[in-house]
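Dear colleague,

I am handing over the structure below, together with some notes on what turned up in it. Please read the notes with the structure open beside them.

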Amino acid sequence: SLSRDGTKVLYSLIGRKLGRSGRRVNLRMYDFVTKKDRLVSSRKGVNSGAVFTDDGQSILLTLTFMGNAEIYKMDLKTGKIIQRLTKNFANDVDPNVTANGSRMAFLSDRSGKAHIYTLDLAATEKDVKRVSFVGKFNATPRYSPDGKMITFSSWPLNSFDIYRVNTDGSNLVRLTSHFGSNEDPSFSPDNNFIVFSSQRVISRKKAETNIYIMDID
């Protein structure tokens, strides 16, 4: 995840295996200006799925140190948790926020399968709203720059495809179909295009993943 000004990137690094508990996934940040890389969060379990807030002073990320996966707000400088944003028996992961920082989209399996929900960051857990009702499960919800749409990947039959939906759950549009597995969509800054990864070029030996761009329609 890139910062708003494009000078920093957050990423997860899979560490060494920790016995029966599996591998620890730490969160790190690289600064393109200073060329320095530093550890941001290394709590027990998974530290991942992080995005910058609009002011760049804090981040939203997924942590599992309390048991199941939940989403937290953390001070980027000190590494201290500011607020726990989700609290549910299900796993809540992969947050994404609107450009003005007012609303968060995330994945949750609280319905039994991974679907997309949104949450007003100024409200409470009661404001959680489900906006995706397609496919066996979904992944990587990403807001448009104007905050009016969400693009995501969904598994309808045998592979992932890219979809777009209004933030209130209306006007669902399927954007790819029958061309390999299409994943990880994001909007361009001008709101007119969607960039995504795809395995639509398949040879006899392997399926190659490349980056593609398409208009939002």
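Tyrosine 117 is buried in this predicted model, with a relative accessible area of 6%, which places it under the 20% that is the limit for calling a residue buried. The charged end of arginine 110 sits over the ring of tyrosine 117, at 5.4 Å from the centre of that ring.

A search of the whole structure gives eight aromatic pairs, and tyrosine 117 belongs to one of them, in which its ring and that of phenylalanine 106 have centres 6.0 Å apart and planes at 25°, so the pair counts as stacked. Phenylalanine 106 belongs to strand β9 (residues 103–108) and tyrosine 117 to strand β10 (residues 115–120), and the pair therefore ties together parts that are eleven residues apart in sequence. Phenylalanine 106 is buried, its relative accessible area being 0%.

Another aromatic pair is made by phenylalanine 196 and tyrosine 212, which is stacked, with 5.9 Å from centre to centre and 25° between the planes. Here phenylalanine 196 is part of strand β17 (residues 193–202), while tyrosine 212 is part of strand β18 (residues 207–215), so that this pair ties together parts 16 residues apart in sequence. Phenylalanine 196 is buried, with a relative accessible area of 4%, whereas tyrosine 212, with a relative accessible area of 23%, is partly exposed.

Elsewhere, Phe137, Trp155 and Phe160 together form one aromatic cluster.

The remaining notes concern the largest pocket, which holds about 890 Å³ of space. Which residues lie nearest the centre of the largest pocket? They are Ser1, Leu2, Asn96, Arg142 and Ser186, out of the 29 residues that line the pocket. Several strands contribute to this lining, and at least two residues of it come from each of β1 (8–17), β4 (47–52), β8 (92–97), β12 (138–143) and β16 (182–187).

With best wishes

How values were computed: Residues numbered from 1 in each chain as written. Predicted model: local features only at pLDDT ≥ 70, side-chain atom pairs only at ≥ 80, totals over all residues. Heavy atoms only, no water. Phe/Tyr/Trp six-rings, centres within 6.5 Å; stacked < 30°, edge-to-face > 60°. Helix = DSSP H or I, 4+ residues; strand = E, 2+ residues; numbered from the N terminus. Buried < 20%, exposed > 50% of the residue type's maximum accessible area, 1.4 Å probe, protein only. Lys NZ or Arg CZ within 6 Å of the ring centre and 35° of its normal. 1 Å grid on protein atoms, 1.4 Å probe; cavity = no way out; pocket = protein on both sides within 12 Å on 5 of 7 lines; lining within 4 Å. Points joined across faces, edges and corners; volume = space filled by probe spheres on them.
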